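This report concerns a single structure, shown below. Please keep the sequence and the model in view while reading.

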Amino acid sequence: MTARTASISRSTSESSVELELDLDGTGTSSISTSVPFFDHMLTAFSKHSLIDLRVRSTGDTDIDVHHTVEDTGIVLGQAIKQALGDRSGIGRYGDALVPLDEALAQAVVDVSGRPFLVHSGEPAGFEFHRIGGHFTGSMVRHVFEAITFNAGITVHVRVLEGRDPHHIAEAEFKAFARAMRTAVELDPRVDGIPSTKGAL
């Protein structure tokens, strides 16, 4: 079996990102983005998707975490796309409901080749809350946008319940991870590319 791995570096005047992943891993990770809450979310993503992930990101976080977080999401999406190759043999679809105490989030993924994000349900004011004092709630959607459009996947994320911003964000990332785990897994019954068009 061909290794489904990727290693990508991206450097701009705003950030520097080095990222490696293995879609057929065990959920081991080594994450350092200089944004502690984002490290926590990427570690959770790796653990629950079973995608091995190594990330080293730095940037102008003295201004804002925005550039570093967004650029890391871009590179993660690019790496997922690269590791998937022609997407032959994958399950393609994934769906997960994940609770975290009072929070409940659903993620549905289609490794479709068509980038699209539908994101809803976060409570009013969530986007303005600074989780951990540094990670603005609005960045959750922004990360999903960056991953989705660079990986070429369709993603629906819904928050069904939730009060605590930390719990809401973490439930979203874990739901996305579990949906991705199912979508990118190789299915021995799938012959070739799982599409009637013959391409994804």
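## Basis of the model

The model is predicted: local features need pLDDT of at least 70, side-chain atom pairs count only at pLDDT 80 or more, and totals for chains, interfaces and linings use all residues. Residues are numbered from 1 along each chain as its sequence is written, and side-chain values use heavy atoms, with hydrogens and water left out.

Helices (H or I, at least four residues) and strands (E, at least two) are DSSP runs, numbered from the N terminus.

## Packing of H1 against H2

Two packed helices are described by the angle between their axes and the distance between the axes. Axes are lines fitted to C-alpha atoms, for helices over the stretch in contact, and angles run from 0 to 180 degrees between N-to-C directions. Helix H1 (residues 36-49) packs with helix H2 (residues 66-84) at an angle of about 20 degrees, and the two axes are 12 Å apart. H1 and H2 are therefore roughly parallel to each other; angles under 35 degrees count as roughly parallel, over 145 as roughly antiparallel, 65 to 115 as roughly perpendicular and the rest as oblique.

The crossing of H1 with H2 is right-handed (a crossing is left-handed if the near helix is turned anticlockwise from the far one by less than a right angle, and right-handed if clockwise). Phe38, Leu42 and Phe45 of H1 make the contact with Val69, Thr72 and Leu76 of H2, where contact means heavy atoms within 4.5 Å. Sorted by class, this contact of H1 with H2 has five nonpolar residues, one polar and no charged. In this classification Ala, Val, Leu, Ile, Met, Phe, Trp, Tyr, Cys and Pro count as nonpolar, Asp, Glu, Lys and Arg as charged, and the others, Gly among them, as polar.

## Packing of H2 against H3

H2 also packs with helix H3 (residues 138-151), at an angle of about 30 degrees and with the axes 7 Å apart. That angle makes H2 roughly parallel to H3. H2 and H3 meet in a right-handed crossing.

On the H2 side the contact is made by His66, Val69, Glu70, Gly73, Ile74, Leu76, Gly77, Gln78, Ile80 and Lys81, and on the H3 side by Met139, His142, Val143, Ala146, Ile147, Asn150 and Ala151. The contact of H2 with H3 comprises nine nonpolar, six polar and two charged residues.

## Aromatic pairs

Five aromatic pairs are found in a search of the whole structure. Rings of Phe, Tyr and Trp (its six-membered ring) pair if their centres lie within 6.5 Å; planes under 30 degrees apart count as stacked, over 60 as edge-to-face and the rest as tilted. The ring centres of Phe37 and Phe135 are 5.2 Å apart and the planes are at 55 degrees, so this pair is tilted. Phe37 lies in H1 and Phe135 in strand S9 (residues 135-136), so the pair ties together parts that are 98 residues apart in sequence. Phe37 counts as buried at 6% relative accessibility, and Phe135 is buried with a relative accessible area of 0%; buried means under 20% relative accessible area, exposed over 50%, partly exposed in between (1.4 Å probe, protein chains only).

Phe38 and Phe135 form a stacked pair, with 6.0 Å centre to centre and 25 degrees between the planes. Phe38 lies in H1 and Phe135 in S9, so this pair ties together parts 97 residues apart in sequence. Phe38 is buried, at a relative accessible area of 1%. Elsewhere, ring pairs link Phe45, Phe144, Phe173 and Phe176 into a cluster.

Met41 is in H1 and counts as buried at 0% relative accessibility. The C-alpha atoms of Met41 and Glu170 are separated by 6.4 Å, although the two residues are 129 residues apart along the chain. Neighbours within four places in sequence aside, Met41 is in contact with Ala169, Glu170 and Phe173.

Ala107 is in strand S6 and is buried, with a relative accessible area of 0%. Ala107 and Arg158 are 51 residues apart in sequence and 6.5 Å apart in space, C-alpha to C-alpha. Leaving aside neighbours within four places in sequence, the contacts of Ala107 include Gly94, Asp95, Ala96, His156, Val157, Ala175, Phe176 and Ala179.

## Positive phi angles

Arg92 has a positive phi of about 80 degrees although it is not a glycine. Arg92 is placed in the loop between H2 and strand S5 (93-100) and is buried, with a relative accessible area of 9%.

Asp101, likewise not a glycine, has a positive phi of about 55 degrees. Asp101 lies in the loop between S5 and strand S6 (103-110) and is exposed, with a relative accessible area of 64%.
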